[in-house]
Amino acid sequence: MVSIVQTYMEIEGFRSYLDELYSPDPEKCLSAVLSLKNSVIGSNRQKGNMIAQGVVTRLMQILGDIGLKAELRTEAAFTLGSLAKGSEAHVGELIKIGVVPLLLDSILTSEDSKLTEACLRCSCSIFKHPTVPVELVFQNRQLVSHLLQLAMNSVPSQICVMTILAASCKSQDNQNILNDEGAVSLIASLLCSPHYAVIMPTLHCLANLCYQNPNIAAIVSTTSYGGKSIPDLLVPLMSRDQPSDTQLAAAKCATNLHRAHALSAEDPRILYKALPVLVCLCKKECKWEERVKAAETLAFLTEVDTQLQQLASISNHLIPTLAEFLHYRPETSNSSLSPSDHDHIARELKQAAFRAFSSLGANDEDIRKKIIETDSIMKHIVSGLQDSYLKVRLAAIRCLHSLSRSVQQLRTTFQDHSVWRPLMNLLQHATDDILTVSVASSTLCNLLLEFSPSKEPILESGAVDLLCSLTKRDDPALRLNGVWALMNMAFQADQKIKLQILHTLGTDQLFRLLSDSEVNIIMKTLGLLRNLLSTKPHIDHIMGLCGSQIMQAVILILEGNHSVEVKEQALCILANIGDGITAKDYIMANEDVLKKLQDYMLHSNEKLQIAAIFCISNLVWKEDSGSAERQAKLKEMGIYALLQQLIITSDALLFDKVKTAMTQFSDA
């Protein structure tokens with residue numbers, strides 16, 4: 001504990017050279033800066049005192065004054081660098097005061113190597129802070145070019161430059177600028193450095209450089225140094241004799257190259273290096289930070305490729321290992337961590353496990369079954385859906401969405417744990433976090449499939465209102481999920497549910513969805529209409545309520561500039577309408593629609609021909625009352641003659657539809 005007397009003496013000593021810091025005499029000012037620098041080395045408390053006294057602003061004035069000697073400016077930069085090695089709060093204060101733009105400008109304009117290196121070192125420390133304004137680096141392309149040139153000067157410069165660029169490379173534009181300025185070749189050479197401190201930021205920079213950028217990844221994969229390509233240079237860095245964080249960083253680079261299509265899933269550097277490294281680093285013997293990063297990287301690596309999912313799931317007991325993430329127990333020997341620290345670790349491990357499970361179970365039913373049967377996983381997922389930590393909630397939703405692709409689990413495990421309840425609660429009380437709502441509503445789509453036992457309780461909990469509101473959201477993914485879930489809900493539903501959907505959604509919103517700029521939304525809206533207009537009594541009742549508007553909607557699609565798939569759906573809706581008893585009249589009374597059916601019978605696309613002929617079959621079906629009058633009218637229009645022309649088709653499916661339609665005409 002620091003005594004009051006000691007603190008007083010330190011403050012008085014501080015004041016003794018504070019005045020000299022503002023002296024116009026360069027020598028006195030230099031002496032004061034040196035004293036300040038020495039006083040803060042190794043003492044976070046002294047760093048805090050200095051920042052609180054407002055000394056940082058004076059140091060920035062000295063650094064920015066090009067009229068002063070380089071030695072004085074350099075010592076000011078070193079002192080700022082010492083402050084930047086303090087606590088996260090100290091660095092945050094430096095950023096707020098505005099030290100970053102000054103440092104970057106000094107790096108660019110300085111002609112003194114020591115001053116440049118001092119500014120680089122200070123920037124290196126600051127660019128590890130989460131709130132650093134990284135966008136400043138790429139606002140000046142000349143600065144990027146200059147930084148890459150400085151990386152050729154010395155090992156400390158290489159460390160600093162790679163750290164700054166790794167932290168700053170956040171977008172495709174950033175990636176492209178780095179590539180254009182020659183960063184890839186530099187990175188290739190630095191991967192061969194004998195210095196761990198150089199290799200680590202270089203790997204981080206490489207991972208960010210090729211993340212989701214196929215063009216850059218292709219360049220990276222073919223760039224060589226010393227006769228070896230960058231992917232080959234990564235291989236020894238993933239070896240077991242390397243530090244675990246080096247293995248992890250190199251595996252992340254290989255992962256990003258794979259996901260950017262530069263390395264295939266069958267590439268030995270993925271199958272036999274990156275994947276085993278990531279699986280191994282999930283083990284409980286590793287540091288918790290590395291376990292989290294390894295699981296997250298593994299989730300990204302295996303997210304879309306079934307082969308990698310299958311291989312990972314049987315590698316080194318991965319699924320039980322990930323299940324251990326859900327049972328974090330603090331080490332009693334580590335008393336330096338607070339309860340909140342342990343809570344943070346537990347949640348980070350939990351979200352990482354959920355993300356990995358989500359990817360592993362994305363495509364394979366056996367893997368999903370293995371995950372669900374492991375260590376009461378569903379209880380943890382249900383708990384995760386209600387976690388206060390956003391990352392855990394989102395990861396739990398992703399995991400649930402992946403597992404909900406299983407028909408068997410929807411009928412059993414999901415029902416046993418009532419997963420729909422926290423999911424609905426989450427959606428009903430969601431904020432504007434679009435990603436959470438998007439994944440949750442996608443999961444709800446699966447829970448509303450006709451074979452899912454969860455469908456009925458979800459309906460009773462207000463799902464129709466919720467989903468109809470989603471169709472009005474600005475985000476296309478939310479509109480899509482809303483109408484998709486309504487489509488699933490309407491499939492083989494009771495008339496009461498169908499009418500509730502139609503009433504809540506409203507015909508105006510139906511028209512807006514059919515005019516949406518996203519073709520998938522139009523397709524699912526048409527699918528919703530098809531499901532609403534199924535079974536004869538439902539068709540007749542719904543058409544009796546809003547038949548004119550539905551016919552108008554169908555005509556809107558048929559006359560619009562839409563794809564074959566979209567128009568096929570519209571014709572299938574007409575076929576459903578034609579399957580009704582009284583609903584048929586809406587088609588028969590509309591000469592324009594009948595003419596369109598006639599035109600589509602002769603369309604060059606066989607799918608549209610088949611859909612149009614299917615509608616004709618329903619209209620003239622013998623067993624339905626009034627069929628003779630409808631047959632006569634369509635014969636008069638020349639429909640039967642068209643069928644006679646089409647019967648010679650070589651397409652088997654079209655032939656069957658034509659034959660069926662012709663046999664319905666009584667006196668044919």
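Residues are numbered from 1 along each chain as its sequence is written, and side-chain values use heavy atoms, with hydrogens and water left out. Because the model is predicted, local features need pLDDT of at least 70 and side-chain atom pairs count only at pLDDT 80 or more, whereas totals for chains, interfaces and linings use all residues.

When a salt bridge is taken as a side-chain nitrogen of Lys or Arg within 4 Å of a carboxyl oxygen of Asp or Glu, the count comes to 22 salt bridges. One of them joins Asp267 to Arg269, with the closest N and O atoms 2.8 Å apart; Asp267 is buried, its relative accessible area being 10% (buried means under 20% relative accessible area, exposed over 50%, and partly exposed in between, with a 1.4 Å probe and protein chains only).

A salt bridge is also formed by Arg355 and Glu296, whose closest N and O atoms are 3.5 Å apart. This pair links distant parts of the chain, since Arg355 belongs to helix H22 (residues 339-360) and Glu296 to helix H19 (residues 288-302), 59 residues apart; helices (H or I, at least four residues) and strands (E, at least two) are DSSP runs, numbered from the N terminus. Arg355 is partly exposed at 32% relative accessible area, while Glu296 is buried at 18%.

In the salt bridge between Asp624 and Lys584, the closest N and O atoms are 2.7 Å apart. Asp624 lies in the loop between helix H40 (606-619) and helix H41 (627-637) and Lys584 in helix H38 (residues 584-588), so the pair ties together parts that are 40 residues apart in sequence.
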